[in-house]
Amino acid sequence: MESARLDWAREWLTSAKQLFIDGTWRAASGGEANDVINPANGQTLVRVQSAGATDVDAAVAAARRAFANSGWRALANRQRATLLQRIGEVVRVHRAELATLLSLENGKLYRESYDDDMPDTADVFDYYAGWIDKLYGETCPVDGPFLNYTLRQPLGVCGLIAPWNYPLLLAAWKIAPALAMGNTVVLKPSPFTPLSTIRFFEIVHESVDLPPGVLNLVLGDTAVGEALTRHPGVDKVSFTGSTAVGRHIVRGAADSNLKSVSLELGGKSPNIVFDDVPDFDFAVARSFQLMFAQKGEKCSEPTRFLLQRGIYDQFVAQLARHAEAVVCGDPFDTLSQQGPQCHRAHFEKIMQSIDGGKRAGARLRAGGERDTRGNNGQGLFVRPTIFDEVHPEMRL
């Protein structure tokens, strides 16, 4: 089964990876492209075309026409709900394909892609299909013979910028509510992880009868995201990613047409454990699993532990034992317990953080190094790392 999945993916990767604009696949105008790298072995998976400014213009124009003229926003609630449910079902049908591409491009374990990301991605479309006929305006009591009411209307063209840690799931978090409320979409995935999203657009195009221009895909790096953010034809931007880029997006949106902006940025989540915890071993195991699942590449992970003094030493020691036992390896190997970090810049940032923690005087209890045992040392594997005696003024 694993071999068949990878054989399918290798065949799929041989075809050109283009932009999807106005209901058709088209080549990027400028001829630019980005390599998508497999983080487990450093090999290039495929070159993906990168949009230029004229491509972003074309995608926004297509979305604008679809919003104004296609009848999408006037579609009956039941019909729009049926289409969103159909998208969710298509994701379920193609679950193994999407999970395979996701693990190839991102490095998360195949079972994480298949069991976590894919079911949640499909369910998001069902969830927002259920909201379509439940979000509406209200009347407001006022003095005199007047009727004062609110009317909720779609915003228009939504520019959606998805991250690399949950490429398809977080794209779905953006696409589903936008479509549910009658908006049209221009989506830009991360240049590190565009493949599962491209395949998603293919299967939706093949199986779901959306009007041309309702759903558009532009590929590329931060320049493409900036063009989308600053475009006067975009009414709304939704971004998930770093705080630094989030600040940049707010400035770009303000400098263009003061468009609406939603940001989901980084976190440093605390996990607080007291000495009366009823099941100590479960608390340690569950805390460790939450921290290091998906290679720790999630903004909701409990990356800081605040422990009552009576359990401090024992809790840290058990966390360290869990960390030392982890097997890093190929995402498609059933014996692997942790895949590689998604891309080299992120890998290097982690290693710099570890070195900075050591220099600052934090005590390393587990990990703290690259794991070179798998894939001849070519993968971006980092051992699960535990520090203690970390003080609030430390950058770590």
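Analyst: Start with a cut-off: angles over 145 degrees count as roughly antiparallel. Keep in mind that this is a predicted model.

User: Why are helix 4 and helix 7 called roughly antiparallel?

Analyst: Helix 4 (residues 95-106) and helix 7 pack at about 160°. The cut-off is over 145, so the pair is roughly antiparallel. Their axes are 8 Å apart.

User: Which residues make the contact of helix 4 and helix 7?

Analyst: Helix 4 supplies Glu97, Leu98, Leu101, Leu102 and Glu105. Helix 7 supplies Leu195, Ser196, Arg199, Phe200 and Ile203. The residues of this contact divide into 6 nonpolar, 1 polar and 3 charged.

User: How do you know that the span of helix 7 is close to the expected one?

Analyst: Helix 7 covers residues 195-207 and has 13 residues. From first C-alpha to last, helix 7 reaches 18 Å.

User: What makes strand 3 and strand 4 a pair?

Analyst: Pairing needs at least two bridges. Strand 3 (residues 33-37) and strand 4 (residues 44-49) are joined by 5 bridges, so they pair. The two strands run antiparallel. Asn34 stands opposite Val48 in strand 4.

User: Which residue of that hairpin takes a positive phi?

Analyst: Gly42 does, with phi near 75°. The hairpin has 6 residues between strand 3 and strand 4.

Technical notes: Residues are numbered from 1 along each chain as its sequence is written. This is a predicted model: local features need pLDDT of at least 70, side-chain atom pairs count only at pLDDT 80 or more; totals for chains, interfaces and linings use all residues. Side-chain values use heavy atoms; hydrogens and water are left out. Helices (H or I, at least four residues) and strands (E, at least two) are DSSP runs, numbered from the N terminus. The expected span of a helix is 1.5 Å times one less than its number of residues. Axes are lines fitted to C-alpha atoms, for helices over the stretch in contact, and angles run from 0 to 180 degrees between N-to-C directions. Angles under 35 degrees count as roughly parallel, over 145 as roughly antiparallel, 65 to 115 as roughly perpendicular and the rest as oblique. Contact means heavy atoms within 4.5 Å. Ala, Val, Leu, Ile, Met, Phe, Trp, Tyr, Cys and Pro count as nonpolar, Asp, Glu, Lys and Arg as charged, and the others, Gly among them, as polar.
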